[in-house]
Amino acid sequence: MSKTTNITWTTTQQQAIETIDRNVLVTASAGTGKTAVLSQRAVDRIADTTDPARADTLLVLTFTDAAAEEMRSRIAETLYKRYLETHDSRLRQQLLLLDRAYISTIHSFCKRTLTEFFYLIDLDPTFGILDADEQQLLKAELLEDVLEDAWADKETADDLKALFAGRRVQPGTGSFVDQIIALNDFLDSVVDRNAFYEKAAAINKSDHESHQLLKQAQTNILLEKLNQCRKQLDHALSLDATLCQSRYATAHIQEEILPVVTACTEFLKTDKLDSCIDVLSSLKFGQLRKKKDVELSKEQQAHIKDPVDRVKKELKGLLDFALLCPEYEEQIAPQAAMQTETLLKLMRRFYEKYTAAKQRRNVLDFSDLEHYMLKLLQAHPEAAAKLKDRFEYIFVDEYQDINAPQQR
């Protein structure tokens with residue numbers, strides 16, 4: 001039990017601190033003490049009198065160096081208070097071990113591990129880390145090189161003209177070509193970049209199979225958007241019930257908006273796209289107005305009305321999807337397919353140049369740390385086994401912000 005701190009824990013906080021026989025996910029809004037709970041959880045594992053853990057067998061991951069130092073400081077402070085109360089020599093030893101404990105950012109942990117197992121993945125252990133400013137400068141230089149090479153290539157020059165027609169193309173000005181860097185950065189958060197390219201190329205083809213892949217992919221996206229709309233409406237209905245006995249927005253939601261969400265969901269699930277298009281094409285939502293006898297502050301009205309307005313806007317925007325655009329397949333698809341293919345080629349060229357430039361400099365960026373770490377764990381189970389034996393617990397602060405490679 002956590003009896004030595006000055007904090008009075010809630011029942012659920014106490015449960016999160018003490019539960020050790022399963023995975024624990026703590027979900028709460030900002031400022032509710034999640035980090036304090038995580039720190040206390042770490043201290044309780046170290047100071048447990050029945051089955052204590054060594055400080056250096058806890059892996060505590062954060063998203064910033066400042067957060068890591070704060071976490072280390074919190075654990076040390078609470079552990080020191082425990083020591084002063086109990087004079088347990090073991091706790092004093094654990095305080096000394098904290099200096100070498102694995103309390104760091106995810107990227108620092110990856111770097112530390114890769115430096116240890118570099119020989120397994122043919123990595124130079126003297127590699128440096130490319131900081132954010134250096135990355136931006138290097139990427140900007142390489143983008144210009146990629147574009148110059150592509151314009152000089154007779155096989156791609158005509159396709160580039162079509163891709164850039166009517167678009168701003170001056171790099172570094174927020175133009176269309178800067179999206180090549182943005183897309184490259186996005187793919188850093190994908191587990192398998194090559195698999196993404198292959199899937200994108202397959203969907204982009206003009207044959208029947210590719211059309212079905214695109215259709216299914218967009219159907220899934222649309223259904224998820226409709227599901228999110230439904231959740232926002234349910235939230236508004238709940239607020240309306242709590243704040244004014246469902247007298248402000250409930251009738252408007254149930255009579256005008258929910259039927260649209262329900263109908264479109266059913267039409268998409270049963271492949272009745274024309275019916276879905278008809279519903280969305282004829283949308284006309286009335287205004288949500290407060291009745292005189294409904295007592296709500298402007299702030300309360302906004303809490304209910306804002307999600308309703310977002311759903312209305314979202315529903316009206318669904319017709320922008322290719323799947324629900326009747327002219328797309330004949331008028332737009334062929335041109336879009338060619339431009340997508342050209343963009344994918346540029347992205348591949350850019351990534352190859354960027355990778356080669358980092359290799360020449362013997363540097364890695366943060367994304368490389370994640371992907372090399374993942375490669376190490378997947379290709380060398382002996383390294384994964386050593387790490388598994390090394391750590392008793394893994395704690396991750398701000399877990400909702402991790403990307404797919406970090407999750408893997």
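**View 1. Strand β1 and its pairing with strand β2.** Strand β1 and strand β2 (residues 102-105) are paired in the parallel sense over four bridges, with V60 standing opposite I103 of β2 in this predicted model. β1 also pairs with strand β5 (residues 393-396), in the parallel sense and over four bridges, and here L59 is found opposite I394.

**View 2. Side chains of strand β1.** From β1, L58, V60 and T62 point one way, while L59 and L61 point the other way, and all are buried. Because five of the five residues of this strand (residues 58-62) are buried, β1 is largely enclosed by the rest of the structure.

View 3. The side chains of E70 and R74 meet in a salt bridge, at 2.8 Å from N to O. These residues lie four apart in helix α3 (residues 65-86), so about one helical turn separates them. E70 is partly exposed, with a relative accessible area of 38%, and R74 is likewise partly exposed, at 29%.

**View 4. Salt bridges between buried residues.** In the pair formed by D188 and R193, the closest N and O atoms are 2.7 Å apart, and both residues are buried. K358 forms a salt bridge with D368, again with the closest N and O atoms 2.7 Å apart; this pair links distant parts of the chain, K358 belonging to helix α14 (residues 328-361) and D368 to helix α15 (residues 366-379), 10 residues apart. K358 is buried, with a relative accessible area of 4%, and D368 also counts as buried, at 12% relative accessibility.

Definitions and conventions. Residues are numbered from 1 along each chain as its sequence is written. This is a predicted model: local features need pLDDT of at least 70, side-chain atom pairs count only at pLDDT 80 or more; totals for chains, interfaces and linings use all residues. Side-chain values use heavy atoms; hydrogens and water are left out. Buried means under 20% relative accessible area, exposed over 50%, partly exposed in between (1.4 Å probe, protein chains only). Helices (H or I, at least four residues) and strands (E, at least two) are DSSP runs, numbered from the N terminus. Two strands pair if DSSP finds at least two bridges between them. A salt bridge is a side-chain nitrogen of Lys or Arg within 4 Å of a carboxyl oxygen of Asp or Glu.
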